[in-house]
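Visitor: I would like to learn how to read a fold from its coordinates. Can we take it feature by feature?

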Amino acid sequence: MRLRYSIFIVIFLFLGSCKEGAKETVTEPLEGSGTEESGAMAPLFQDLEGNAIALSDYKGKKVLLNFWATWCRPCLEEMPALLRSQELLEKENYVFLLASDQPVATIKAFKERKDYDFNYLKYSGSLTEEGVNALPTTFVYNEKGEQVDTIIGATDWDGPEMIQKLKEIH
């Protein structure tokens, strides 16, 4: 019985770590980039050169913020479609940001190996506090900086329905 229970727990934890397809919609402001008013907090996002990035820097643009990892198979499988979506939405005022909590050296090595043209970010905060409980998780923000959608799991980013949905974000 203990063996069954242990196996069940391991399977449950594994399935929860990388999900495909679950989706939910929420609306929250484009805040929490680690540049709080106190200024004492370290920035939560940095580019691969170590420069602090605040999500509020992208106000006036639609932002697709994808949390991913190099070890996450669904994350890697959706990247070609995500790249095509980025190209299809180029004239729609979108910025695609791919954030990982892995070391910068790991992200850089992946970028060089795969040669995907994304804005990669190092995320230094707690994924669970950000609302990320499975990878990939994507937040979509409108031009006002309001979070208008959350997509949990890999998705068909370049499918006609998704492209239309992203075009209609206001």
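Visitor: Which residues of H4 are buried?

Guide: This is a predicted model. The general idea comes before the case. An α-helix has 3.6 residues a turn, so residues three or four places apart point the same way. In helix H4 (residues 160–167), the buried residues are Met 162, Ile 163 and Leu 166. Viewed down the axis of H4, they fall within an arc of 100 degrees, so they line one face of the helix.

Visitor: Which exposed residues does the face of H4 turned away from its buried side carry?

Guide: Pro 160 and Glu 161.

Visitor: What covers the buried residues of H4?

Guide: The cover includes S5, H2, S6, S8 and S9.

Visitor: Let us turn to S6. How many of its residues are buried?

Guide: Buried means under 20% relative accessible area. Strand S6 spans residues 94–100, and seven of its seven residues pass, so S6 is largely enclosed by the rest of the structure.

Visitor: Which residues lie on each side of S6?

Guide: Tyr 94, Phe 96, Leu 98 and Ser 100 take one side. Val 95, Leu 97 and Ala 99 take the other. Both faces are covered.

Visitor: Which strands does S6 pair with, and how do they run?

Guide: Count the bridges strand by strand. S5 (residues 62–67) and S6 run parallel, joined by six bridges. Within that pairing, Asn 66 has Leu 98 as its bridge partner. S6 and S7 (residues 119–123) also run parallel, with four bridges. There, Ala 99 stands opposite Leu 121.

Visitor: What units do the helices make with these strands?

Guide: Follow the path from strand to helix to strand. S5, helix H2 (residues 73–88) and S6 make a right-handed β-α-β unit. S6, helix H3 (residues 104–114) and S7 make a right-handed β-α-β unit as well.

Visitor: And the whole chain? What is its pattern along the sequence?

Guide: The pattern reads α-β-β-β-β-β-α-β-α-β-β-β-α. That comes to four helices and nine strands.

Visitor: How many residues does the largest nonpolar core have?

Guide: In soluble globular proteins, nonpolar side chains tend to be buried together. Here the largest nonpolar core has 45 residues. Phe 45, Leu 65, Phe 67 and Tyr 120 have the most contacts inside it. S5, H2, S6, H3, S7, S8 (137–141), S9 (146–152) and H4 each supply at least two residues of this core. S6 gives the most, with six residues.

Visitor: What does Phe 67 touch?

Guide: Leave out residues up to four places away in sequence. Phe 67 then touches Phe 45, Ala 99, Tyr 123, Leu 127, Glu 130, Val 132, Leu 135, Pro 136, Thr 137 and Phe 139.

Visitor: Where is Ser 56 found?

Guide: In the loop between strand S4 (52–53) and S5. Ser 56 is partly exposed, with a relative accessible area of 38%. Gly 145 is 89 residues away along the chain, yet the C-alpha atoms of Ser 56 and Gly 145 are separated by 6.9 Å.

Visitor: What do the totals for the chain say?

Guide: Of its 170 residues, 44% count as buried. The chain exposes about 9600 Å², and carbon and sulfur atoms supply 52% of that. Consider contacts with a separation of 6 or more: residues 24 or more positions apart account for 68% of them.

Terms used:
Residues numbered from 1 in each chain as written. Predicted model: local features only at pLDDT ≥ 70, side-chain atom pairs only at ≥ 80, totals over all residues. Heavy atoms only, no water. Buried < 20%, exposed > 50% of the residue type's maximum accessible area, 1.4 Å probe, protein only. Contact = heavy atoms within 4.5 Å. Areas by Shrake-Rupley, 256 points an atom, 1.4 Å probe, with all protein chains shown as cover. Pairing = 2+ DSSP bridges. Right-handed = clockwise from strand over helix to strand, strands pointing away. Core = buried A, V, L, I, M, F, W, Y, C linked by side-chain atoms within 4.5 Å. Arc of directions from axis to C-beta.
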